[in-house]
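The exercises below ask you to work from the sequence and the coordinates together. Try each task before reading its solution.

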Amino acid sequence: MSAVGSSNPEYVVARVRARRGSLYGDEEYRKLTRMGPAEIARFMEESSYGREINALGSRHGGVDLIEYALNRNLAQQFEGILDWSEGALYDQIARYLRKFDAWNVKTIIRGVYTDADQSAIEVDLIRAGEFDDRRIRRLLEADSIDAVVDVLEDTIYGPPLREAYAEYEETDVLVPLENAVDRAFYERLLSGLGNDEPTQQYEAFLKAEVDFRNATNALRLARSGADIDPAEYFIEGGELFTRGSLARLARNLEELVEYIADSQYADELGPALRELEEADSLIAFEHATDAALLAYGDRLGTIHPVSVTPVISYILAKEREVENIRAIARGKEAGLPVDQIESELVIT
Amino acid sequence: MLEATNALGNAVLSTGGTLTDPSAAAALAVGLAALGAGYAERGIGSAAVGAMAEDDDLFVNGLILTVLPETIVILALVVVFIV
């Protein structure tokens, strides 16, 4: 529950491995893609999502019910992992889970900006990060962006947000605020990690994630045709790209894929990269990077069985499951054919 | 731990024996084996409790795996009878 004392990877890894066993496999996904939203909710109720479906069933229905149950289950599982872990392990896991804090802050800022209803914002939050319920309540009660920044004053997001707020006041666009949150998150993500063998593997994984995030961002910008310099959205900390090289590579998908295929990720991500070479669309590219990260995480989890890496590998797999079920439910709601939904899933 | 070993050594020395005395060495061997078993059980035990928290059926497996390192101590006890 805290970052003091020695770490207890044995306990956390044993629990996480047991939970990993109950994640949906190919068979379950095949069944899910042939169900309607109500049946999916029913199916989830009989599996590990039972408690959430029952708790939310009276207030929501259909795809919304599935979505909120998924979010709540995700939050509870990750909160649990943080509760169990101690010492250095806690710090390493919290680093990664802080991305949900970043997500929550961005959601709340956007909600306040668009004058959304408090309860409407609340259901979109994923309470998996480090913020406790009290801070989230205070954030939800904030009625202006200035107040949100005030509540966050004593967190890592405080100073950068305060700086970005001045820019926001001038331009009235959210981009500087959201960038400030993301930057604060990524800065903390990679700073001051230990240097034993498993931690280095973990760091390599985090760097891979930053690299892929950079690549996707650059491609999205290039595809959108907007006149924005990709270097401006560059996230520091990755190994593959520099500010300059990314801006150059973003103009051409083939060159970018070739560049990644020639990089240090080639050996580790073999099959996923071949898929990436064949990827002609942006969505396929993003799926390929997701699958590559997932495969990378799986591999990580088996090299050092008693360290942070199996935990991260589970967190990734769980996130993926939630996104897959959401994709199925949304796809069904929109009436997409089964094979198209299946192509949207990332399964390893 | 090390301080305790020193104190033990001093105590043995002050009563006239040495650590090369066979029965003292056997005692030390059993003690160290027990220490090793304890350290091994620490990790296995916490993993077993973690697994049990997820699935109660794992209780028997967890118990067996947790006490397996005890065999080291039992084997070390053989030394006591040999000397």
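**Exercise 1.** State which residues of chain B the UniProt annotation "domain: V-ATPase proteolipid subunit C-like" covers, and describe the secondary structure of that stretch.

*Solution.* The annotation, which comes from an unreviewed UniProt entry, covers residues 25–82 of chain B. In this predicted model, the chain over residues 25–82 of chain B is 90% helix and 0% strand. The end C-alpha atoms of that stretch are 12 Å apart.

**Exercise 2.** Check whether the length of helix α1 of chain A agrees with its number of residues, and then identify what covers its buried residues.

*Solution.* Begin with the count: helix α1 of chain A runs over residues 9–21 and holds 13 residues. Next, list the buried residues of α1(A), which are P9(A), E10(A), Y11(A), V12(A), V13(A), A14(A), R15(A) and V16(A).

**Exercise 3.** Characterise chain A as a whole, and then locate the largest nonpolar core.

*Solution.* Chain A comes to 19 helices and zero strands, and 37% of its 348 residues count as buried. The largest nonpolar core has 86 residues, and those with the most contacts inside it are I66(A), V148(A), L161(A), V181(A), V311(A) and I312(A). Helix α6(A) gives the largest share of this core, eleven residues. Taking V148(A) as an example, and leaving aside residues up to four places away in sequence, it touches I108(A), I109(A), V112(A), L139(A) and A142(A).

Key:
Residues are numbered from 1 along each chain as its sequence is written. Chains are lettered from A and ligands numbered from 1 in the order in which they are written. This is a predicted model: local features need pLDDT of at least 70, side-chain atom pairs count only at pLDDT 80 or more; totals for chains, interfaces and linings use all residues. Helices (H or I, at least four residues) and strands (E, at least two) are DSSP runs, numbered from the N terminus. The expected span of a helix is 1.5 Å times one less than its number of residues. A residue is buried if 20 or more other C-beta atoms lie within 10 Å of its own, exposed if 12 or fewer, and partly exposed in between; C-beta atoms are placed from the backbone. Two residues are in contact if their C-beta atoms, placed from the backbone, lie within 7 Å. A nonpolar core is a set of buried Ala, Val, Leu, Ile, Met, Phe, Trp, Tyr and Cys residues joined through C-beta atoms within 7 Å. UniProt positions are given in the numbering used here, feature names are shortened, and annotations may be inferred rather than shown by experiment.
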